[in-house]
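Look over the sequence and the model before reading on. The report then goes through the chain piece by piece.

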Amino acid sequence: MDDGAERQVSITLADGLVFDMTGQEYAVNWATPQFYFHLVTAYNILRHNGVPLGKAEYVQHMFAYLRQP
C-alpha cells in the first residue's frame, strides 16, 4: 500500500487528455471525487424515482452517540 502512494499513474480520457499523477494524488484528487460524484448521482436518481432515502441512511453510525434529553 505504501509503495502505491508513490507509483506513477496515467489516466487517458477518450478525447486524448492525459493526467499523470502519483498513486496518492490519484486517490485524493481523482478516485475520491469520482466516488462521491457517482454516489450522489445514484442517490439523486433513487430519490427522483421515489425511493425514501434521507440523511439517516448515511449517518446510522451516529445513533451510537445519541442521548435523549
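The sections below cover the basis of the model, the strands, the helices and the surface.

## Basis of the model

This is a predicted model, in which local features need pLDDT of at least 70 and side-chain atom pairs count only at pLDDT 80 or more, while totals for chains, interfaces and linings use all residues. Residues are numbered from 1 along each chain as its sequence is written, and side-chain values use heavy atoms, with hydrogens and water left out.

Helices (H or I, at least four residues) and strands (E, at least two) are DSSP runs, numbered from the N terminus.

## The hairpin

Strand S1 (residues 8-12) and strand S2 (residues 18-22) run antiparallel and are joined by five bridges. Two strands count as paired if DSSP finds at least two bridges between them. Gln8 has Thr22 of S2 as its bridge partner, and Thr12 has Val18 of S2.

Five residues lie between the strands of this hairpin, and Gly16 takes a positive phi near 95 degrees.

## Helix H2

Helix H2 covers residues 23-48, which is 26 residues. The expected span of a helix is 1.5 Å times one less than its number of residues.

At Ala31, H2 bends by about 30 degrees, and Pro33 follows within four residues. The bend at a residue is the angle between axes fitted to the seven residues ending there and the seven starting there. After H2 comes Gly50, with a positive phi near 90 degrees.

## Exposure and a surface patch

Accessible areas come from the Shrake-Rupley method with a 1.4 Å probe, and for residues only the protein chains shown count as cover. Buried means under 20% relative accessible area, exposed means over 50%, and partly exposed is in between (1.4 Å probe, protein chains only).

Phe35, Tyr36, Leu39 and Tyr58 form a nonpolar patch on the surface, with about 420 Å² of accessible area together. Patches are made of residues with over 30% relative accessible area and no salt bridge; like charges are joined within 9 Å, and nonpolar side chains (Val, Leu, Ile, Met, Phe, Trp, Tyr) within 5 Å. A salt bridge is a side-chain nitrogen of Lys or Arg within 4 Å of a carboxyl oxygen of Asp or Glu. Leu39 lies in H2 and is partly exposed because its relative accessible area is 31%. Tyr58 sits in the segment after H2 and is partly exposed at 40%.

## Two further residues

Gly54 is also placed in the segment after H2. Its relative accessibility is 19%, so Gly54 counts as buried. Ala5 belongs to helix H1 (residues 2-6) and, at 23%, counts as partly exposed.
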